[in-house]
2 protein chains.
Amino acid sequence: MTDTTKLDTRQAILDAGQAVVQARGYNALSFRELAKTVGIKSASIHYHFPTKGDLGAALAKRYTDGAAKAFEHFLAVAPDAATRMGLYTGVFRAALVNDNRMCLVGIMAAEKADMPAEVMVEVERFIALNVAWLTQVLDLTGPEADQKALAVLSAINGAQLLARGGGDVAIYDRTIAAYRAAGLFP
Amino acid sequence: MTDTTKLDTRQAILDAGQAVVQARGYNALSFRELAKTVGIKSASIHYHFPTKGDLGAALAKRYTDGAAKAFEHFLAVAPDAATRMGLYTGVFRAALVNDNRMCLVGIMAAEKADMPAEVMVEVERFIALNVAWLTQVLDLTGPEADQKALAVLSAINGAQLLARGGGDVAIYDRTIAAYRAAGLFP
DNA sequence: ATGATTCTACCTATCAGTAGATAGGCAAAA
DNA sequence: TTTTGCCTATCTACTGATAGGTAGAATCAT
């Protein structure tokens, strides 16, 4: 019982919530199931996150913030575009390996019609962050730079989506290899 | 009340069901809401489709069968790969234009963890059908032919997923254009 | 330093709403 | 006379959300 207990519960809720969303989607996120996982009662989740929309937005925000830090790290440790893209595609790969999960934002985009507006705001922020990073790493210029970057993000998300459907990470690996071979990214 | 009434109800259920799944996902598919749309009671849906899994599988099967017919048609009316691919990507585009919907199978793949096994079987069949058609149209050969075809399907699905998130068909169009420019397909 | 107050982080109990599914009935058609 | 295609009514399970209570920690005034 250290003085970090209060933060720990909130973190535990977010951790468990992220796992559920990435594995089964936002609609499958249940306060009761979440509470059972964390070890508290469902009413206590509402104390930390008044509505489900608040929880979803917090999840997306934390996810995007984490991605931003990882992207900075990739720039620091990898010198060239190919290595950086290897690290980047590796993030999406890791989600598949870890319990066949999807990118939190990818699965939220699929459920767009049922998502509260405050969640979609964070989803858009994640996409913008990825586009900006890819534009920089791939040294894209001109009026179509953002579109090229979004195409790369789209392709990788699609690869994750279908590989997940097949339940085999090797599908993802081979699709990424096909993208590289086609020259979509280095 | 013609003698086609019995078939009409079943068709109406499937039509309404497909619209809901493509717009909001399999989890959002509700017997009560479906019944209200069709104009019957929810218990009557169970008469035609005993369980939700049966309905989901029927939806995926009909969707795949429809795609198979469309693919044959594309081969018949379009002579070259580029035109055929234009028709193919147009199908995914049409879903977006029509109430910002997604490919039925794409959204089902995203919800994989909650899908009954009988539905996933049909999802796999749809993917196999697309891969086979793309392999033929793109004249892919060698041991990596299927992988290249799956990469094309993945990329297009990803484009649809993110364009839908952005709520703008132009995003899809530009992403497809970027794929073509990169040489992913003609 | 201490007593009073307020805040934190949970709890129990409950609400209205919806989920899929089933039992049994009924009118019309085959 | 049986089958078809629907109906009403009901079941259990679960959803997010709220009301109200409480032990303990923190903060405040004296």
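This is a predicted model: local features need pLDDT of at least 70, side-chain atom pairs count only at pLDDT 80 or more; totals for chains, interfaces and linings use all residues.
Biologist: Start with chain A. How many helices and strands does it come to?

Modeller: Nine helices and zero strands. Along the sequence the pattern reads α-α-α-α-α-α-α-α-α.

Biologist: And what does the radius of gyration say about chain A?

Modeller: It is 18 Å for chain A, close to the 16 Å that the globule rule gives for 186 residues, so chain A is as compact as a globular protein of that length. The C-alpha trace spans about 50 × 35 × 35 Å along its principal axes.

Biologist: What share of chain A counts as buried?

Modeller: 42% of its 186 residues.

Biologist: Switching to the core. Which residues have the most contacts inside the largest nonpolar core?

Modeller: A:Ala60, A:Val105 and A:Met108, along with B:Ala60, B:Val105 and B:Met108. That core has 113 residues.

Biologist: Take B:Val105. What is it in contact with, leaving aside neighbours within four places in sequence?

Modeller: B:Ala60, B:Tyr63, B:Val123, B:Phe126 and B:Ile127.

Biologist: Now the interface. How many residues of chain B are in contact with chain A?

Modeller: 39 residues of chain B, and they meet 39 residues of chain A.

Biologist: Which helices of chain B each supply at least two residues of that side?

Modeller: α1 (5-24), α6 (104-110), α7 (117-137), α8 (145-166) and α9 (169-182). The largest share comes from α8(B), with 15 residues.

Biologist: How do the residues on that side of chain B divide?

Modeller: Into 22 nonpolar, 10 polar and seven charged.

Biologist: What rotation superposes chain B on chain A?

Modeller: One of 180 degrees, with 0.0 Å of shift along its axis and an RMSD of 0.0 Å. That is the relation of a two-fold axis. The same surface serves both copies, and 100% of the contact residues of chain B recur in chain A.

Biologist: Last topic, the backbone. What is phi of A:Asp139?

Modeller: Near 55 degrees, which is a positive value in a residue other than glycine.

Biologist: Where is A:Asp139 found?

Modeller: In the loop between α7 (117-137) and α8 (145-166) of chain A.

Biologist: Is A:Asp139 buried or exposed?

Modeller: Exposed. A:Asp139 has 9 other C-beta atoms within 10 Å, and the cut-off for exposed is 12 or fewer.

Biologist: And B:Asp139, what is its phi?

Modeller: Also a positive value, near 55 degrees. B:Asp139 lies in the loop between α7 and α8 of chain B. With 9 C-beta neighbours inside 10 Å, B:Asp139 counts as exposed.

Conventions: Residues are numbered from 1 along each chain as its sequence is written. Chains are lettered from A and ligands numbered from 1 in the order in which they are written. A nonpolar core is a set of buried Ala, Val, Leu, Ile, Met, Phe, Trp, Tyr and Cys residues joined through C-beta atoms within 7 Å. A residue is buried if 20 or more other C-beta atoms lie within 10 Å of its own, exposed if 12 or fewer, and partly exposed in between; C-beta atoms are placed from the backbone. Two residues are in contact if their C-beta atoms, placed from the backbone, lie within 7 Å. Helices (H or I, at least four residues) and strands (E, at least two) are DSSP runs, numbered from the N terminus. Ala, Val, Leu, Ile, Met, Phe, Trp, Tyr, Cys and Pro count as nonpolar, Asp, Glu, Lys and Arg as charged, and the others, Gly among them, as polar. Copies are superposed by least squares on the C-alpha atoms of residues with pLDDT of at least 70 in both. The radius of gyration is taken over C-alpha atoms; the globule rule is 2.2 Å times the number of residues to the power 0.38.
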